[in-house]
Amino acid sequence: MKTPGKYSIETGPIRPPNEGSAGSLLIRATRNCPWNRCVFCPFYQGEKFEIRDVEDIKRDIDMVKKICSGQFDTSDFYYESVYMVRGWCKGGGKTAFLQDSNSLIMPTEQLIKVVKYLKDSFPSLERITSYARADTILRKELQELIDIRKAGLTRLHVGLESGDEEVLLLIKKGVTPEQHIEAGRKAKKAGFELSEYVMPGLGGRELWEQHATNTARVLNNIDPDYIRLRPLTVHPKTELHQMRMRGEFQMTSPHERLEEIRLMVESLEVSSVICFDHFLNGWRNKEGRSLFDMSYTGYKLPDEKERILQLLEEGLEVPESMHFDPRRSTMTSL
Ligand code: SF4
């Protein structure tokens with residue numbers, strides 16, 4: 001419940017881990033998800049998608065500026081807003097993330113206004129990023145994307161999830177592999193840094209091989225800057241949970257997922273950085289520590305491909321019971 005007279009800088013429920021904690025300023029440009037049908041996603045169920053008014057977003061940015069200046073009364077703000085902004089300022093105020101799940105969908109002119117206002121308000125900003133659906137990238141003209149990028153939105157995070165047609169249909173992603181390729185290439189052509197998110201385990205026991213090989217094929221055709229792995233868990237609120245309960249979807253084990261990632265990595269011919277930067281990549285090495293470097297800097301391909309394959313081999317030699325088992329977790333993968 002809101003207290004009259006107190007200001008709250010609006011934030012949404014999710015952001016990429018590397019845009020988290022005090023790292024990135026969170027500015028909510030849109031609310032919820034305009035697609036909202038992916039069977040594994042619990043985040044925006046029942047929530048209506050909205051594009052926020054530019055003036056409301058600018059007011060949030062003004063309030064961030066006020067808190068950063070130190071010239072404010074703490075009782076005028078909700079604690080969470082002050083906490084987020086102070087942490088961000090102390091960290092140098094270098095990056096910002098536009099929430100929610102697909103803010104690229106904003107009319108181009110409005111999005112440019114928001115990004116420019118943010119940049120003008122904080123000259124310290126080096127990077128502004130957003131999630132973007134592939135179909136939204138395809139709907140914008142190339143020149144619009146270039147204009148948005150030139151205004152200051154420089155990195156897009158795209159949920160590829162899988163490059164396999166059958167898996168994409170099963171999970172109701174609403175995008176085909178070829179559309180993913182076209183959108184990824186278009187984003188790169190417009191000059192964006194591109195992160196593609198892949199979901200190990202999404203093919204289940206039935207489709208894991210084609211999930212691995214076709215995801216590699218799509219990534220090879222895009223060659224994104226980053227490939228980020230987000231292993232699947234199944235939240236009880238999702239349609240995928242119902243499918244699992246009915247026996248229509250069988251989750252893979254920790255070792256089976258390592259096999260899947262190995263098949264994908266072996267098939268990759270990219271110059272991307274591959275990142276295991278999410279706690280659900282919780283495999284263990286022989287010493288019981290994290291198998292992969294879970295930092296945001298990841299492993300550079302192709303130079304470190306052999307290193308990743310060695311680690312995968314090591315993970316397969318560790319008893320399965322020592323690994324984090326996604327079949328017993330309901331934590332979310334996004
Ligand atoms: S995974 Fe992304 S696109 Fe799919 S419903 Fe969730 S937020 Fe929307």
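Colleague: Which residues are around the ligand?
Modeller: In this predicted model, the residues around the ligand are Cys 33, Asn 36, Arg 37, Cys 38, Phe 40, Cys 41, Tyr 44, Ser 101, Arg 133 and Lys 173.

Colleague: And how does the shell around the ligand look by class?
Modeller: The shell has 5 nonpolar, 2 polar and 3 charged residues.

Colleague: Where is Asn 36 found?
Modeller: Asn 36 sits in the loop between strand E2 (30–31) and strand E3 (50–51). Its backbone deserves a remark: Asn 36 is not a glycine, yet its phi is positive, about 60 degrees. Most residues other than glycine have a negative phi.

Colleague: Where does Pro 302 lie?
Modeller: Pro 302 is in the loop that links strand E10 (299–300) and helix H11 (305–317). For context, most peptide bonds are trans.

Colleague: Changing topic, how is the chain divided?
Modeller: There is a domain 1, covering 18–131, and a domain 2, covering 157–329. Their C-alpha centres lie 28 Å apart.

Colleague: How many residues are in contact between domain 1 and domain 2?
Modeller: On the domain 1 side there are 15 residues, in contact with 21 residues of domain 2.

Colleague: What area do the two domains bury between them?
Modeller: About 1400 Å² is buried between domain 1 and domain 2, with 63% of it on carbon and sulfur atoms. Of the area that domain 1 buries against domain 2, 52% is supplied by Asn 18, Val 39 and Phe 40, more than by any other three residues. Phe 40 is also one of the residues around the ligand.

Colleague: How many salt bridges and polar contacts are there between the domains?
Modeller: The count of salt bridges between domain 1 and domain 2 is 0. For polar contact, the rule finds 7 residue pairs across the interface, both residues of each pair being at pLDDT 80 or more.

Colleague: Which element gives the largest share of the side of domain 1 that touches domain 2?
Modeller: Strand E5 (residues 127–131) does, with 4 residues.

Colleague: And the classes on that side of domain 1? What are they?
Modeller: The side of domain 1 that touches domain 2 has 8 nonpolar, 4 polar and 3 charged residues.

Technical notes. Residues numbered from 1 in each chain as written. Predicted model: local features only at pLDDT ≥ 70, side-chain atom pairs only at ≥ 80, totals over all residues. Heavy atoms only, no water. Domains from an automatic or database assignment. Contact = heavy atoms within 4.5 Å. Buried area = accessible area lost by both parts, 1.4 Å probe. Salt bridge = Lys/Arg side-chain N within 4 Å of Asp/Glu carboxyl O. Polar contact = N/O pair within 3.5 Å; in protein donor to acceptor, adjacent residues only side chain to side chain. Helix = DSSP H or I, 4+ residues; strand = E, 2+ residues; numbered from the N terminus. Nonpolar A, V, L, I, M, F, W, Y, C, P; charged D, E, K, R; others polar. Near = heavy atom within 4 Å.
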